Amino acid sequence: MARNIHSFPENAPLLRAVFFLFLLFPLRPISASQNDYHRALHMSILFFEGQRSGRLPPDQRVKWRRDSALHDGATSGVDLTGGYYDAGDNVKFGFPMAFTTTMLSWSIIDFGKNMGPELKYAIKAVKWGTDYLLKATAKPGVVYVQVGDAFSDHNCWERPEDMDTLRTAYKIDVSHPGSDVAGETAAALAAASIVFRSRDPRYSRLLLSRAIEVFEFADRHRGAYSSSLHHVVCPFYCDVNGYQDELLWGAAWLHKASRRREYREYILRNEVVLHAGDTINEFGWDNKHAGINVLISKEVLMGKADYFESFKQNADGFICSILPGISHPQVQYSPGGLIFKAGGSNMQHVTSLSFLLLAYSNYVSHANKVVPCGSRSASPNLLRQLAKHQVDYILGDNPVGMSYMVGYGARYPQRIHHRGSSLPSVQAHPAHIGCKAGGQYFLSPNPNPNVHVGAVVGGPNVTDAFPDSRPYFQESEPTTYINAPLVGLLAYFSAHY
C-alpha cells in the first residue's frame, strides 16, 4: 500500500521538519547560496561604528559620523559618554545595549576563531559597550540605565551631532530596583570578561569583578525597572517578561566566567523559582529563557554537569518549538521561509533564534547527539541548515530578491528609519539642523544620503512584503541587537561555506 506523503512514521528521525524545510525553501537547495559571508561579516561589525555615541576614536571607519553627546551624565555629576545608540534614534537605552554586548561577546566566545581579520573589530565593538557599562555601574548600588528622554527625542528628527533634546540620566538604586536591566548588565560584563581573559587580563578581571557586584545588587534588591522607571522606559524597552530570567541569565554567565561554585548552586536553587523553562520559544533583549538553557546545556553535553540535565531538556524543547512543521503557534514561517514572530522588528527574532540554533547544533554535534522531539529527532545538520537559510534570506535569498543588510548585494533598503543616515552629514551640511527642520528629510522619498553599511533592518512582514519607507519603523529601522547575534552566525558560515 502506498504511504501518504504527508504522513510520518513515529519512529523516524524528524522527517516532518525536513519535509517542511523543502516546502519552505523550494527554489534552491539550502546549502547552494552564493553569499559572501565574510563580506557580510565585515559589514555587520562595521555597523556598530555608525551607532557609536561620544568622542569617536582616530581609527573610526564610518566617516559620516562625528562626536556626539559629549556631556552625557554631566547634570548628574557622572561621566556617561560613549556607548551605543540602540537604533535609529539618539537615546542610550541600557537594557538593549547590555544585551547587545552580551551577544557580541557570545559571538566571539563561540565563533571568534572563524572571524579572521574581523576579530579585532568585533573585540573593539564589545569594548565600546563595556567601557560604557563600567561607567554606568561605577557607583556601588547604582546603575545608570538610560541617557536621554525618549519622548522628546522621538519628537525630533535630528543628527546625534546636533542633539538639543533632554539628556537626562536615569538610574536604578536600592530604593528603585531594576533586577532585569542590572541582571543583563552583569551578564554582559561577565561574558565580556571571557573575551578579554587572555587578551587583556587586567581589564578582564575588572569586568568580572564589576559583574559580580552588579549581580549581587540585582539579586539583593529585586524588582523590575519597568516599575521603578515606568514613565521613562515604557513603552520603549518595557520589560514585559519580568526580571526573573535576567537573574538566571546573569548567574549563568557568572558561572561560565568565574567557575565559582556559588553560581552553580544559585542556578540549581533558583531554577524553578525563577522559571527557567517558561516561554521557551523566545529569546531577545526582554526574554532570556531559551538562551539560559542553551548556554547551560553546553556543560551537560560535554559530560561535565549532569546536575544541569533539566536545562538540556528545556533546550531540546526550545529547539523543537521553532522547527518548521512542528513549531509552537507563536513561531510562524513566511512563504519564503523566514522565521516570524508578531510584535515588530522581526529580524531581532530571526538573528537571535538562529544564533541559538547554530550554537546548539555545535554543542550537540560535538557530543555526537541529536535533539529528541517526542518520538522523533533532529540532527545538528538540520539545525545548522535552518539557521543558514535565515541568514541567506537576510542577505537576499528571498521572494523579493532584496538584501536586508544595507550595503550588501545589488538591492537593499535605501530609506532606513535612522536619523544619522537620513540627514546630510556634518561634513556635507555643517550648519545645525534643528529638531523640526529634519522633518523634510524624514518625509523625503529620496534614498538616505549616508549609507549605513551593515545595518540590518526590522525586515519584511509575514507575507515577505517590505515597504522601503522611513515611516514604517518596525520594518525599516536597524538595531544593535539585530546585528549582535548575526556577527556570530556570519563568522561561522564564512568559515564553513
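Guide: On a 1 Å grid over the protein atoms alone, a pocket is an open set of points where a 1.4 Å probe fits, with protein on both sides within 12 Å along at least five of seven lines; lining residues have an atom within 4 Å of a point. Its volume is the space filled by probe spheres set on the points, which are joined across faces, edges and corners. The largest pocket here holds about 910 Å³ of space. This is a predicted model, in which local features need pLDDT of at least 70 and side-chain atom pairs pLDDT 80 or more, while totals for chains, interfaces and linings use all residues. Residues are numbered from 1 along each chain as its sequence is written, and side-chain values use heavy atoms, without hydrogens and water.

Visitor: Which residues lining the largest pocket are the closest to its centre?

Guide: Among the 36 lining residues, Pro235, Phe236, Tyr237, Phe473 and Tyr481 are closest to the centre. The helices α14 (347-366), α17 and α18 each supply at least two lining residues; helices (H or I, at least four residues) and strands (E, at least two) are DSSP runs, numbered from the N terminus.

Visitor: Why is the pair Cys234 and Cys238 called a disulfide?

Guide: A disulfide requires cysteine sulfur atoms within 2.5 Å, and those of Cys234 and Cys238 are 2.1 Å apart; the pair therefore qualifies. The torsion about its S-S bond is 65°, and the link is right-handed.

Visitor: What makes Cys234 buried?

Guide: Buried means under 20% relative accessible area, exposed over 50%, and partly exposed in between (1.4 Å probe, protein chains only). Cys234 has 9%, so the residue counts as buried.

Visitor: How many disulfides does the whole structure contain?

Guide: A search finds three. Cys156 and Cys435 have sulfur atoms 2.0 Å apart, and both residues are buried. Cys320 is joined to Cys373 with S to S 1.9 Å, and these two residues are buried as well. With the bonded cysteines numbered in sequence order, the pairing is 1-6, 2-3, 4-5.

Visitor: Why is the disulfide of Cys320 and Cys373 called left-handed?

Guide: The torsion about the S-S bond of Cys320 and Cys373 is about -90°, and the disulfide is therefore left-handed. Cys320 belongs to helix α13 (residues 309-322) and Cys373 to strand β6 (residues 371-373), so the link ties together parts 53 residues apart in sequence.

Visitor: How do you know that Asn448 is buried?

Guide: Its relative accessibility is 8%, so Asn448 is classed as buried. Asn448 is placed in the loop between α17 and α18 (473-476). A polar atom of its side chain lies 3.1 Å from the backbone oxygen of Ile416.

Visitor: Which residues have a positive phi although they are not glycine?

Guide: Ala69 has phi near 50°, and Asn368 has phi near 60°. Ala69 sits in the loop between α2 (37-50) and β1 (92-93), and Asn368 in the loop between α14 and β6.

Visitor: Is each of them buried or exposed?

Guide: Ala69, at 14% relative accessibility, counts as buried, whereas Asn368, with a relative accessible area of 71%, is exposed.

How values were computed: Polar contact = N/O pair within 3.5 Å; in protein donor to acceptor, adjacent residues only side chain to side chain.
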